Amino acid sequence: MYARMTIVCVFLLSGIQAIEVCSDQPADIGFLIDESGSVGATNFKINLDLITKIVDDFDIGNSSVKISTFAFHELIGDGFYFSCCNDKASIKSNINSISFKGGGQDFEMALAFARKSMFQTNNGSRDFSLKILLFFTDGQSQIQDGGSLLHNLGVIVYAVGFGNDVDRNQLNKIATNESYVFMMPSYSDLIGQGYNDIKSQICIDVLTNQCDRNPQPCRNNGTCVGTGGSKYTCLCQIGYTDHNCQTDIDYCIGIICYNGGTCMDGLTSFVCQCEKYFTGILCETTGICILCYEIIHVRKCCGITNETVILNIHRKRIITNTNHPVFLHAMTNASTIIKVEKTTTSDLMLASTNTQKKKKKAPCNKRRHPMAYEKDNTTL
C-alpha cells in the first residue's frame, strides 16, 4: 500500500512538472468553432468554455501561448486574431464577445481562412512558435484540400467531431493524421475527459522537438537545431533569412539601376539589366556619344528626317554620362534624341549639323553630311 502510494505521488509530481514546462512554451493555438444551426447556442457555449479553460491552464504572452478564435458557418463569424491580446483577461473578454449565428457549414472556406488569415504574421502569428489549430464540428461539408495545405505550412491540425452526423473520413483529411481526430458522442463529453485528452496532446506537441517533425519548420533547405521543448533555431542557406529561413534576401533594396535599367535579385547578389546602349554595374555608362553644340532643328535633308538633336550651347563636348545636368537640361528642351553608337575610342560617329542657325543654308548636296566623324572624345 505504501509503495503504491509512493508510485502515485511520483506520477503526480511528473505530471505537474510536465504541465508547467508545457505551459511555458511558445505556441500559437487557433480555434475554428462550427456555429451552424445543428450545433445550437448551448453546445456552442461549451466550445467557448473549453477555450477559456485552455487560457486558464497555459501561460499567455509573447514568449508563451497566444490564442486566436473564430466561429464559422457558410462564412467566418465573430472572432479575434493572435494579435488581439497578450493577457488572459483580454482574451477571455474577446471569447465572451463571440456570439452564435447559426446557418450552414463550409469546411473548406474555414480552413482556407485559417491558412490565409489566422496563421499569418500580419495577424500576430509568430515565426518561431509552434502552430496548432483545433477544428470543432458536428456535421459534414464538401472539402477539397482539407487540411493538407495547412499541414504543409507546419500547422498541426486537431479535428474534433461530435455526435453521429460527422464523417470520420472528412475529419481524417482535415487532421494532421488520424491520431489527431477526436470523436465524442456529445458536446458534454468535451467538459471532462475530452478536455483532458486534448490538453494532453497539446502538451505532447509543445514538448516535441519541432526539428523532428515532417515537415520541419526551416524552409529553403535550412538546418533545424532544437533548443529545448518546441523551441528551435534555423541555420539558413546563403540568400535566405528570418527565423524559418522563409525570406529570400532582396539584394535590390536600396539599389538604383540608372538609365531605365531593371534590378534583378539573385541568390547572393543583384544584377542590373540595362537598356540598349547602356552598361556598367548600375547601367551608369553608355556607348552612345552625343555631340553638344546647341539645340537646333534638323530639317529633312540628306536622309535625316525632322528631329531634334541634343546640343550644348556652351562648348563642344561628348556626353557619356546621361545623368549629367547638361544632358538632363538638354533632354527637357528636346523632343527627340538622335543616338549614335560609338565605333572606336578615337573615331566617334556623331549626330552633327550646321551649328550656325543664322547662316544662309547651302544647298543640300553642298552642306556637310549630317553624320560626320569627330576626333574629340572629351567626356563630361
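Colleague: Which cysteine is joined to Cys211 by a disulfide?

Modeller: This is a predicted model, and every value that follows is computed from it. A pair of cysteine sulfur atoms within 2.5 Å is taken as a disulfide. Cys211 has such a link at an S to S distance of 2.0 Å, and the partner is Cys224.

Colleague: Where in the chain do Cys211 and Cys224 lie, and how many residues apart are they?

Modeller: Cys211 belongs to the loop between α7 (193-207) and β7 (223-228), whereas Cys224 is in strand β7. Both cysteines are buried, and a torsion of -70° about the S-S bond makes their link left-handed. The pair links distant parts of the chain, with a separation of 13 residues.

Colleague: Is the disulfide of Cys218 and Cys234 left-handed or right-handed?

Modeller: The sulfur atoms of Cys218 and Cys234 are 1.8 Å apart. Cys218 is in the loop between α7 and β7, and Cys234 is in strand β8 (residues 231-235), 16 residues away. The torsion about their S-S bond is about -85°, so the disulfide is left-handed.

Colleague: Are Cys218 and Cys234 buried or exposed?

Modeller: A residue counts as buried under 20% relative accessible area. Cys218 has 5% and Cys234 has 9%. Therefore Cys218 is buried, and Cys234 is likewise buried.

Colleague: Which residue meets Asp28 in a salt bridge?

Modeller: Asp28 is in strand β1 (residues 27-34), and its partner is in the loop between α4 and β4, 98 residues apart from it. The N to O distance is 2.7 Å, and the partner is Arg126.

Colleague: Which helices hold Lys92 and Asp56?

Modeller: The closest N and O atoms of this salt bridge are 2.5 Å apart. Lys92 is partly exposed at 27%, and Asp56 is partly exposed at 41%. The pair ties together parts that are 36 residues apart in sequence, because Lys92 lies in helix α3 and Asp56 in helix α2 (residues 40-57).

Colleague: How many residues apart are Asp57 and Lys199?

Modeller: Their salt bridge has its closest N and O atoms 3.6 Å apart. Asp57 is partly exposed at 27% relative accessibility, while Lys199 is buried at 17%. Asp57 is in helix α2 and Lys199 in helix α7, and their separation is 142 residues.

Colleague: Is the aromatic pair of Phe82 and Phe119 stacked, edge-to-face or tilted?

Modeller: Ring planes under 30 degrees apart count as stacked, over 60 as edge-to-face, and the rest as tilted. This is one of 13 aromatic pairs. The ring centres are 5.4 Å apart and the planes stand at 50°, so the pair is tilted.

Colleague: What is the angle between the planes of Phe107 and Phe135?

Modeller: Phe107 is in helix α4 and Phe135 in strand β4, 28 residues apart. Both are buried. They form an edge-to-face pair, 5.1 Å centre to centre, with the planes at 85°.

Colleague: How many nonpolar, polar and charged residues line the largest pocket?

Modeller: The largest pocket holds about 550 Å³ of space. Of its 27 lining residues, the closest to the centre are Lys131, Leu153, Gly154, Val155 and Arg219. β4 and α5 (148-152) each supply at least two residues of the lining. The lining divides into 9 nonpolar, 13 polar and 5 charged.

Definitions and conventions:
Residues are numbered from 1 along each chain as its sequence is written. This is a predicted model: local features need pLDDT of at least 70, side-chain atom pairs count only at pLDDT 80 or more; totals for chains, interfaces and linings use all residues. Side-chain values use heavy atoms; hydrogens and water are left out. Rings of Phe, Tyr and Trp (its six-membered ring) pair if their centres lie within 6.5 Å; planes under 30 degrees apart count as stacked, over 60 as edge-to-face and the rest as tilted. Helices (H or I, at least four residues) and strands (E, at least two) are DSSP runs, numbered from the N terminus. Buried means under 20% relative accessible area, exposed over 50%, partly exposed in between (1.4 Å probe, protein chains only). On a 1 Å grid over the protein atoms alone, a cavity is a set of points where a 1.4 Å probe fits but cannot get out, and a pocket is an open set with protein on both sides within 12 Å along at least five of seven lines; lining residues have an atom within 4 Å of a point. Grid points are joined across faces, edges and corners, and a volume is the space filled by probe spheres set on the points. Ala, Val, Leu, Ile, Met, Phe, Trp, Tyr, Cys and Pro count as nonpolar, Asp, Glu, Lys and Arg as charged, and the others, Gly among them, as polar. A salt bridge is a side-chain nitrogen of Lys or Arg within 4 Å of a carboxyl oxygen of Asp or Glu.
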